[in-house]
Amino acid sequence: MSTASTLEEFQGFARALTPRLFRTALLMSGDWHLAEDLVQTVLGKIFSSWSRVRRTDSPEAYAHTVLMRTYISHQRLRRSSERPVAVLPEHASSGPDSALRVTLLAALAELPPRDRAVVVLRYWEDRSVEETASVLGMTKGSVRNRSSRALARLRRTIGDGQDSIAVH
């Protein structure tokens, strides 16, 4: 495959996947700019090994795995001096559930990074326990345990009046 067609193939892949990667990164980080940085880092990592990645069974699953590991690594290293804020910048939510959504995102931001990753993958991305375990490099039991604890913590943070957080 020529360099031009390889580049074109990667660009098509990146265009198709970027919105989903960004949504996941935003849910994970709670920060618009950090989410953009995470997605750019992931796309850079994938591009550098595109000839190998494109031959995998699911390049999209590979990209999500790289995103989760990049996010967890970023949190563990704490390179960033940025801190989450109470109000999300730049993007106003509209609709009947705006208050609940903002409350839920704030509560999600209080979870430890791995617990947040489990909740986002399991409940926002609607992934199975097995898929979540594979992406995060955990056992299925760890995913179940972390999701149970994280959901209990979210319920305590949000309060008893919000019954919309359900265990699947």
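Tutor: Two ground rules come before your questions. This is a predicted model, where local features need pLDDT of at least 70, side-chain atom pairs count only at pLDDT 80 or more, and totals for chains, interfaces and linings use all residues. Residues are numbered from 1 along each chain as its sequence is written, and side-chain values use heavy atoms, with hydrogens and water left out.

Student: Is α6 largely enclosed or open, and how many of its residues are buried?

Tutor: Buried means under 20% relative accessible area, with a 1.4 Å probe and protein chains only; exposed is over 50%, and partly exposed lies in between. Among the buried residues of α6 are Asp115, Arg116 and Tyr123. The helix is largely enclosed by the rest of the structure, because the buried count, out of 12, is nine.

Student: Which residues does Val120 contact, leaving aside neighbours within four places in sequence?

Tutor: Val120 sits in helix α6. At 0% relative accessibility, it counts as buried. Contact means heavy atoms within 4.5 Å. By that test, the partners of Val120 are Thr24, Leu27, Met28, Leu108 and Glu125.

Student: How far apart in space are Val120 and Ala25, C-alpha to C-alpha?

Tutor: In sequence, Val120 and Ala25 are 95 residues apart. In space, their C-alpha atoms are separated by 9.4 Å.

Student: How are α5 and α6 oriented to each other?

Tutor: Axes are lines fitted to C-alpha atoms, for helices over the stretch in contact, and angles run from 0 to 180 degrees between N-to-C directions. The axes of α5 (residues 98–109) and α6 (residues 113–124) come within 10 Å and cross at roughly 140°. Angles under 35 degrees count as roughly parallel, over 145 as roughly antiparallel, 65 to 115 as roughly perpendicular and the rest as oblique. So α5 and α6 are oblique.

Student: What is the orientation of α6 and α8?

Tutor: The axes of α6 and α8 (residues 140–158) come within 9 Å, crossing at roughly 95°. Residues that meet include Arg114 and Val118 in α6, and Val143 and Leu154 in α8. The two helices are therefore roughly perpendicular.

Definitions and conventions. Helix = DSSP H or I, 4+ residues; strand = E, 2+ residues; numbered from the N terminus.
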